[in-house]
Amino acid sequence: MVNLVAAQRPMLHGLMKMAGIRPYTVEIEPGTVMSFWVPSETITKPKKKDEKPKVIANPSKPTVVLVHGFAAEGIVTWQFQVGALTKKYAVYVPDLLFFGDSTTDKSERSPSFQAECLATGLRKLGVEKCIVVGFSYGGMVAFKMAEMYPELVQAMVISGSILAMTDSISVTTLQELGFSSSSELLLPTSVKGLKALLSVAAYKKLWFPDRLHKDFLEVMFTNRKERGELLEDLVISNRDITIPNFPQKIHLLWGENDQIFKLQLAQNMKEQLGDGTTFQGIKKAGHLVHLERPCVYNRCLKQFIASFLASNEAKK
């Protein structure tokens with residue numbers, strides 16, 4: 001029987017290519033590769049089936065990097081944002097390790113390692129400076145990349161994420177949501193589990209036939225062992241948390257009805273991060289704010305990016 005979710009992929013890939021981005025694989029180091037969608041003009045278009053594209057140009061427009069969360073790969077997560085950004089910006093959409101075709105034979109599973117590999121991949125693609133948009137797990141990776149590579153990350157937009165998953169936040173969040181572990185929440189093994197995840201991630205009740213849920217589970221939740229290890233390495237002790245002094249401008253763009261990382265967490269984080277951080281809430285939207293209210297989200301996102309670039313230009 002045809003997997004309906006997998007069957008949609010060629011159409012989604014076609015839409016991404018029409019928007020001006022194409023797939024490209026970067027070898028980070030031997031044994032580690034990351035897949036990206038990159039601006040079409042920066043790579044060659046293969047003339048033969050077995051011919052691999054090559055990087056031929058650095059991005060000519062300001063660069064925006066979209067970093068996905070835990071339940072789906074890059075272009076599935078950001079399918080409504082890519083087309084809204086590619087006219088004015090060079091858009092890069094990576095798949096983090098163990099998502100899409102990105103993989104490593106290393107044992108490291110931390111957000112820091114993801115950030116290191118992502119930064120290396122971007123540099124190999126000719127990216128010297130970028131604005132990073134991070135959602136959920138991708139937000140934690142974005143924070144790490146900004147901390148480790150301040151010369152690369154100019155600014156950040158963070159949605160439904162936190163600086164780091166401390167053991168107290170993890171326990172409190174899971175108890176409130178009624179889950180025994182992060183894996184039970186984020187790596188569902190059944191239609192019932194996937195429905196439970198969607199029910200807490202979205203503001204509005206989403207209805208899909210069970211067949212579609214089964215197909216989504218089959219396609220999107222691969223590399224379960226490794227992703228479970230990513231979740232284990234995500235949680236740190238409260239004693240180990242430090243608040244970096246980020247030089248970047250940070251914009252927290254939140255679904256006001258987010259049940260996973262609630263509004264209060266975002267507002268607390270704004271206070272912790274200081275004057276360089278702004279906050280904006282979007283009504284009638286949950287954790288999946290960029291998918292539930294894409295038009296509002298895109299408008300807010302573009303306003304921040306344009307404002308940041310204009311102020312940056314004025315300082316020169």
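Buried denotes under 20% relative accessible area, exposed over 50%, and partly exposed the range in between, with a 1.4 Å probe and protein chains only. The model is predicted: local features need pLDDT of at least 70 and side-chain atom pairs count only at pLDDT 80 or more, whereas totals for chains, interfaces and linings use all residues. Residues are numbered from 1 along each chain as its sequence is written, and side-chain values use heavy atoms, with hydrogens and water left out.

View A. Leu15 lies in helix H1, residues 4-19 (helices are DSSP runs of H or I, at least four residues, numbered from the N terminus). With a relative accessible area of 44%, Leu15 is partly exposed. Together with Met11 and Met18, Leu15 makes a nonpolar surface patch of about 360 Å².

**View B. Met156 in the largest nonpolar core.** This core has 100 residues, of which Leu122, Met145 and Met156 touch the most other members. Its members are buried Ala, Val, Leu, Ile, Met, Phe, Trp, Tyr and Cys residues joined through side-chain atoms within 4.5 Å. Neighbours within four places in sequence aside, the contacts of Met156 include Val132, Phe246, His251 and Phe304 (contact: heavy atoms within 4.5 Å).

**View C. Cys295 and Cys300.** The whole structure contains zero disulfides, a disulfide being a pair of cysteine sulfur atoms within 2.5 Å. The closest cysteine sulfur to that of Cys295 belongs to Cys300, at 11 Å, which is too far for a bond. Cys295 is exposed, at 61% relative accessibility, whereas Cys300 is buried, with a relative accessible area of 7%.

Definitions and conventions: Patches are made of residues with over 30% relative accessible area and no salt bridge: like charges are joined within 9 Å, nonpolar side chains (Val, Leu, Ile, Met, Phe, Trp, Tyr) within 5 Å. Accessible areas come from the Shrake-Rupley method with a 1.4 Å probe; for residues, only the protein chains shown count as cover. A salt bridge is a side-chain nitrogen of Lys or Arg within 4 Å of a carboxyl oxygen of Asp or Glu. Helices (H or I, at least four residues) and strands (E, at least two) are DSSP runs, numbered from the N terminus.
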